[in-house]
Amino acid sequence: MNTTNPKFEFRGINHLALVCSDMQRTIDFYSGTLGMPLVKTLDLPDNLGQHFFFDCGGGNTLAFFWLADAPDGVPGISAPAGLPGREELTSAVGSMNHVALAVPPEKFDEYRKALKAEGVPLSIVLNHDDSPEGASREVHAGTFVRSFYFQDPDGVLLEFACWTREFTDADVSHQPKTAADRNVPSAS
């Protein structure tokens with residue numbers, strides 16, 4: 001993808017801030033299991049909590065708040081209840097559905113085996129395409145990204161994904177849905 005923004009020069013995601021229930025367990029998973037270096041830590045004022053940053057490559061970071069008064073998440077509302085291809089993908093409006101981490105295509109299968117060896121439950125491999133099903137078992141000319149999903153200890157849905165082709169103008173062809181198209185009553 002090589003597009004330019006005429007309004008702002010974005011350089012990726014500085015950080016995505018998530019909330020965890022146990023900062024030590026989060027460090028163990030993100031630095032231990034996934035190998036992301038912990039690059040910045042801080043205590044928040046007035047005993048509010050902590051804010052830690054993990055390097056996820058390309059100058060981007062995943063950040064976590066540990067907040068003393070944070071309520072527990074609600075699967076299926078705060079985040080999806082499970083792994084795509086197995087369970088429900090739905091989460092609430094305004095929630096963070098999942099984080100897709102870009103991995104090199106040539107390392108995709110190796111990384112999947114490594115996570116499986118760590119005992120991390122994984123989804124099936126999804127070869128995302130434009131078919132009515134949205135994915136196929138095999139890679140083909142219409143496949144645009146390969147991925148698999150897993151969850152962190154707090155249920156944050158993560159994805160390892162690799163692009164398989166360049167996008168063209170033909171890839172932007174769907175009419176956007178509106179709030180009126182939702183299957184739930186509006187909050188009026």
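## Buried aromatic residues

Phe 29 has a relative accessibility of 8% and therefore counts as buried, the limit being under 20%. The model discussed here is a predicted one. Tyr 30, the next residue named in this account, is likewise classed as buried, since its relative accessible area is 0%. The rings of Phe 29 and Tyr 30 make an edge-to-face aromatic pair, with centres 5.1 Å apart and planes at 80°.

Phe 54 and Phe 64 supply a further edge-to-face pair, for which the centre-to-centre distance is 5.9 Å and the angle between the planes is 80°. This pair joins distant parts of the chain, as Phe 54 belongs to strand S3 and Phe 64 to strand S4, ten residues apart. Phe 54 is buried because its relative accessibility is 0%, and Phe 64 is buried because its relative accessibility is 0%.

## Aromatic cluster

In total, the structure contains twelve aromatic pairs. A single aromatic cluster is formed by Phe 29, Tyr 30, Phe 54, Phe 64, Phe 108, Tyr 111, Phe 148, Phe 150 and Phe 160. One member of this cluster, Phe 148, also has a charged group over its ring: the charged end of Arg 112 sits there, 5.2 Å from the ring centre.

## Nonpolar core

The largest nonpolar core comprises 25 residues. Those with the most contacts inside this core are Tyr 30, Leu 34, Phe 64, Leu 115, Phe 150, Leu 158 and Phe 160. Two or more core residues come from each of the helices H1 (23–33) and H2 (108–117) and from each of the strands S1 (15–20), S3 (49–55), S4 (61–67), S5 (99–102), S8 (145–151) and S9 (157–163). Helix H1 gives the largest share, four residues.

The surroundings of Phe 64 can be described in detail. Apart from neighbours within four places in sequence, Phe 64 is in contact with Leu 18, Val 19, Cys 20, Met 23, Thr 26, Tyr 30, Gln 50, His 51, Phe 52, Phe 54 and Asp 152.

## Largest pocket

The largest share, four residues, comes from S1.

## Cys 56

Cys 56 lies in the loop between S3 and S4. With a relative accessibility of 28%, Cys 56 is classed as partly exposed. Beyond its neighbours within four places in sequence, Cys 56 is in contact with Met 36, Thr 61, Leu 62 and Leu 101. Cys 56 and Phe 150 are 94 residues apart along the chain, and their C-alpha atoms are separated by 16 Å.

## Positive phi values in a loop

Most residues other than glycine have a negative phi. Asp 46, which is not a glycine, has a positive phi of about 60°. This residue is located in the loop between strand S2 (38–43) and S3. Asp 46 counts as exposed because its relative accessibility is 78%.

Asn 47 is also a residue other than glycine with a positive phi, in this case near 55°. Asn 47 is found in the loop between S2 and S3, and its relative accessibility of 72% places it among exposed residues.

Definitions and conventions
Residues numbered from 1 in each chain as written. Predicted model: local features only at pLDDT ≥ 70, side-chain atom pairs only at ≥ 80, totals over all residues. Heavy atoms only, no water. Core = buried A, V, L, I, M, F, W, Y, C linked by side-chain atoms within 4.5 Å. Buried < 20%, exposed > 50% of the residue type's maximum accessible area, 1.4 Å probe, protein only. Contact = heavy atoms within 4.5 Å. Phe/Tyr/Trp six-rings, centres within 6.5 Å; stacked < 30°, edge-to-face > 60°. Lys NZ or Arg CZ within 6 Å of the ring centre and 35° of its normal.
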